[in-house]
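This report walks through a predicted model.

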Amino acid sequence: MNSGALMRLTNRETWTFIHGMVLGSFFLLAFAGGLAGLWSLRTEYVTPAGIAERMRRLKFGIAAMAVAAWATVITGTWIVYPWYRESLAGEGFPGCEGASVPGDDCSPRDFLLSNSSGTTEDWHKFGMEWKEHIAWISPMLATLALFLVFYYGPALARNRTARTLVLVAFVGAFTTAAIAGLFGALITKTAPIT
Amino acid sequence: MSETVHEEAPAEVERPTGPVAAAVLATGIGAFVLGLLTTLSEASTDVHDFLEFSDDVGPLSGKTILAVIAYFASWGILHALWRRQNPALRSILIATAALVVLGIVGTFPTFFQAFASD
């Protein structure tokens, strides 16, 4: 065993990890639990006592999902994104010349736009541009789902229209977050923030 | 004589649809404002510069702050207006779906980059 080898994360890597892996994974977990809870919340499946118990879990799960959605976009936009978009390489990206990954003179955005390691500019021009915007629709939809669950309460089990409305908001929140998360993971693989 | 106790569920009170309509429509407004500002920022350098609330974050700061303000402000206003009313949800759901779709289209790079100013 190499006793000198340590795994370290820089401050930037730690925040990227919190943004993508901790909050993002928590969001996905809360979504899976919430979806299962919502889907089975029907009077024909569950007794009144069961509905009351499931409502508590559903409220907690959807609240956690909404909080995770807001925390993910806020940390992403205000902490991680400035490191991604720093202008370090200069006009024409001479700082990225010969680079195979971003570095001190070549931010991830510079690196992708410079095409210094293959054709990478579309990762920024399409992937990052869509991700940074569409992600913000997710917490709005998650908050709507949260409001509806608290507003209708146990009546959700009997009210099919209300349950469908919550499901649509819930799945919409997941879909927009999934688009952002997928591009985030792929962009981080191509041009990591270090 | 034995007495049978019936457990009765509390009488259910129909809640107004107004607060639901307000929350739903506000989501559409928030998404639409985000898409609109994204496209306007690309089309106009004046709008782009105005939206740079933070030098580090760039115009994304203004787009997201204003979209979130539009979302919560419209929710608050609509909630105050409709909280005891029963507006028909169908037309509000259709309007919201249209606003969310427009918002997503507005954030889609192929769309908003078509308006890029030189």
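## Nonpolar cores

The largest nonpolar core holds 76 residues. Ala145(A), Leu148(A) and Val166(A) have the most contacts inside it. The element that gives the most to this core is helix H1 (residues 18-43) of chain B, with 14 residues.

Leu148(A) shows how contacts run across the two chains. Neighbours within four places in sequence aside, Leu148(A) is in contact with Ala162(A), Leu165(A), Val166(A) and Ala169(A), and also with Val20(B). A second, separate core has five residues, among them Val80(A), Tyr81(A), Val57(B) and Leu60(B).

## Ala162(A)

Ala162(A) sits in helix H6 (residues 160-190) of chain A. Is Ala162(A) buried or exposed? It has 21 other C-beta atoms within 10 Å. The cut-off for a buried residue is 20 or more, so Ala162(A) is buried.

Beyond neighbours within four places in sequence, Ala162(A) is in contact with Leu148(A), Tyr152(A), Ala155(A) and Leu156(A). Asp122(A) is another matter. Ala162(A) and Asp122(A) are 40 residues apart in sequence, and their C-alpha atoms are 41 Å apart in space.

## Helix packing within chain A

Two packed helices are described by the angle between their axes and the distance between the axes. Take helix H1 (residues 11-39) of chain A and helix H2 (residues 48-85) of chain A. Their axes come within 8 Å and cross at roughly 155°. Angles over 145 degrees count as roughly antiparallel, so H1(A) and H2(A) are roughly antiparallel to each other. Their crossing is left-handed. By class, the contact of H1(A) with H2(A) has 18 nonpolar, 10 polar and three charged residues.

H4(A) and H6(A) also have axes that come within 8 Å, and these cross at roughly 140°. That angle makes H4(A) oblique to H6(A). The crossing is left-handed. On the H4(A) side the contact is made by Trp123(A), Gly127(A), Met128(A), Trp130(A), Lys131(A) and Ile134(A). On the H6(A) side it is made by Thr176(A), Ile179(A), Ala180(A), Phe183(A), Gly184(A), Leu186(A), Ile187(A) and Thr190(A). By class, this contact of H4(A) with H6(A) has nine nonpolar, four polar and one charged residues.

## Where the chains meet

How many residues of each chain are in contact with the other? The counts are 22 residues of chain A and 24 residues of chain B. On the side of chain A, the elements that give two or more residues are H2, helix H4 (121-134) and helix H5 (137-152). By class, that side has 16 nonpolar, two polar and four charged residues.

One helix pair spans the two chains. H5(A) and H1(B) pack at an angle of about 180°, with their axes 10 Å apart. That makes H5(A) roughly antiparallel to H1(B). H5(A) brings Ile137(A), Met140(A), Leu141(A), Leu144(A), Phe147(A), Leu148(A) and Tyr151(A) to the contact. H1(B) brings Pro19(B), Val20(B), Ala23(B), Val24(B), Thr27(B), Gly30(B), Ala31(B) and Leu34(B). By class, the contact has 13 nonpolar, two polar and no charged residues. Leu148(A) and Val20(B), in contact with each other, both belong to this helix pair.

## Chain B

Chain B has five helices and zero strands. From the N terminus on, its elements run α-α-α-α-α. Of its 118 residues, 38% are buried. Contacts between residues at least 6 apart in sequence can be split by separation: in chain B, 80% of them join residues at least 24 apart.

## Positive phi in two loops

Phe93(A) lies in the loop between H2 and helix H3 (108-114) of chain A. Its phi is near 55°, a positive value in a residue other than glycine. Phe93(A) is buried, because 22 other C-beta atoms lie within 10 Å.

Asn115(A) is placed in the loop between H3 and H4 of chain A. Its phi is also positive, near 55°, and Asn115(A) is a residue other than glycine.

Methods: Residues numbered from 1 in each chain as written. Chains lettered and ligands numbered in written order. Predicted model: local features only at pLDDT ≥ 70, side-chain atom pairs only at ≥ 80, totals over all residues. Axes fitted to C-alpha atoms, helices over the stretch in contact; angles between N-to-C directions. Helix = DSSP H or I, 4+ residues; strand = E, 2+ residues; numbered from the N terminus. Parallel < 35°, antiparallel > 145°, perpendicular 65-115°, else oblique. Left-handed = near helix turned anticlockwise from the far one by under 90°. Nonpolar A, V, L, I, M, F, W, Y, C, P; charged D, E, K, R; others polar. Core = buried A, V, L, I, M, F, W, Y, C linked by C-beta atoms within 7 Å. Buried ≥ 20, exposed ≤ 12 C-beta atoms within 10 Å, placed from the backbone. Contact = placed C-beta atoms within 7 Å.
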